[in-house]
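Subject: Structure for your reading, with notes

Dear colleague,

Please find below the structure that I would like to hand over to you.

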Amino acid sequence: MYAKSLLTSALTATAMLLTLSSCRDEGVDGPVEMTCTDIVTFAGSDGSGHATFTFQKADDSPEITLVSSNTINTDNIDEGTRLLLSYIPADNEPYRSGPVNVLGGQSIAHSTVALEWLKEYDDWDKSPVYVYSAWRSGRYLNMHVRLTYSLNPRLFHLAVDPATIEAERPDVYLVHVMADDVDNHDRAYYASFDLTPLWTLPHVRGINLHVANSNLNKHIFTFDKSL
C-alpha cells in the first residue's frame, strides 16, 4: 500500500489463513501432506502458468525460491507484489527452494518505507492499531494487525523520523490515520513494508518501530540486522 491509497482491495480480509510462517500436518492416517502459508514476493511467471515466488523465513535466513508445479493465473499480479501464499512443498520438505503445489493466495498491503516526513504523518498515532505480531524477513517488515474496517481512504504507511536517520537504529513510525472517526467492526489484515531505502544504509544496524498499539502496553518494537 502507498501512503495515500485505499485500504479496500489491497488490505483484504484474510479469512482463509493458516498459521503464518509455519507448516501443519493434515489428518492423522496415511501419508501426510504438509501445508504451509507464508508471505512471499511474486517474482514472475514463465508464460505457461508456472509462477515463481521468493521469500525469507525470518530475519536474514537464506532466500527461498518456490516454483508452482501446477499452473495458476497470474495475469493480474504485478511482479514485486507481496502475497499471502498457501502451498504444499514437494516431498513434504518445508522452507526449501523447489517446486510447490499452490493452493491459493491473495495480495496484501505493501509499500516502501518513506524517508521523507510529510505533514500528514504528524497524526501518525491518531488511529490505534491492534498488533497481533510483527517480524522481519530479509528487507521486509511484516505485520499481522487488526484495524477498524472502512471503505474510506486512510494513511497506512511506514515513515522514518528524519532527525534519527543518521542513527544506528533510526525511529520508524507506523502511520495510521483514518479519514473520519468510524464506529465499525474490526478486521484482521496482513501488511508488508519494504525497508530497503533505510536498511541498506551502511551505518544502520536496526530500527525502532513505533506503533500506536492498542494490544497490551507495547508501543516500540526493535528489529536488528543479523551480525
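The notes below go from the whole chain to its cores, its aromatic rings and its loops.

This is a predicted model, in which local features need pLDDT of at least 70 and side-chain atom pairs count only at pLDDT 80 or more, while totals for chains, interfaces and linings use all residues. Residues are numbered from 1 along each chain as its sequence is written, and side-chain values use heavy atoms, with hydrogens and water left out.

The whole chain

The protein chain has one helix and 14 strands. Here helices (H or I, at least four residues) and strands (E, at least two) are DSSP runs, numbered from the N terminus. Of the 227 residues in the protein chain, 45% are buried; buried means under 20% relative accessible area, exposed over 50%, and partly exposed in between (1.4 Å probe, protein chains only). The chain exposes about 11,200 Å², and carbon and sulfur atoms supply 49% of that area. Accessible areas come from the Shrake-Rupley method with a 1.4 Å probe, and for residues only the protein chains shown count as cover. Among contacts (heavy atoms within 4.5 Å) between residues at least 6 apart in sequence, 66% join residues at least 24 apart.

A hairpin

Strand E8 (residues 130-137) and strand E9 (residues 140-148) run antiparallel and are joined by seven bridges. Two strands pair if DSSP finds at least two bridges between them. Serine 133 has histidine 144 in E9 as its bridge partner. Two residues lie between the strands of this hairpin, where glycine 138 takes a positive phi near 65°.

The nonpolar cores

A nonpolar core is a set of buried Ala, Val, Leu, Ile, Met, Phe, Trp, Tyr and Cys residues joined through side-chain atoms within 4.5 Å. Which members of the largest core touch the most other members? They are Met143, Leu158 and Leu209, in a core of 28 residues. At least two residues of this core come from each of E8, E9, strand E10 (154-160), strand E11 (171-178), strand E12 (186-194), helix H1 (196-199), strand E13 (206-210) and strand E14 (220-224). E9 supplies the largest share, four residues. Apart from this core lies another, of 15 residues, including Val40, Tyr87, Tyr95 and Val102.

Aromatic rings and charges

A search of the whole structure finds seven aromatic pairs. Rings of Phe, Tyr and Trp (its six-membered ring) pair if their centres lie within 6.5 Å; planes under 30 degrees apart count as stacked, over 60 as edge-to-face and the rest as tilted. Phenylalanine 55 and tyrosine 95 form an edge-to-face pair, at 6.3 Å centre to centre and 65° between the planes. Phenylalanine 55 lies in strand E3 (residues 51-56) and tyrosine 95 in the loop between strand E5 (82-89) and strand E6 (98-107), so the pair ties together parts that are 40 residues apart in sequence. Phenylalanine 55 is buried, at 4% relative accessible area, and tyrosine 95 is buried at 18%.

The ring centres of tryptophan 117 and tyrosine 121 are 5.5 Å apart with the planes at 85°, so this pair is edge-to-face. Tryptophan 117 is partly exposed, with a relative accessible area of 24%, whereas tyrosine 121 is buried, at 2%. Trp117 and Tyr121 form one aromatic cluster with Trp124 and Tyr173.

The charged end of arginine 187 sits over the ring of tyrosine 149, 4.0 Å from its centre, and lysine 225 lies over the face of tryptophan 199, at 5.6 Å from the ring centre. A charge sits over a ring if NZ of Lys or CZ of Arg is within 6 Å of the ring centre and within 35 degrees of the ring normal.

Residues in loops

Most residues other than glycine have a negative phi. Asparagine 92, in the loop between E5 and E6, has a positive phi near 55° and is partly exposed, at 30% relative accessibility. Leucine 216, in the loop between E13 and E14, has a positive phi of about 60° and is exposed, at 75% relative accessibility.

Yours sincerely
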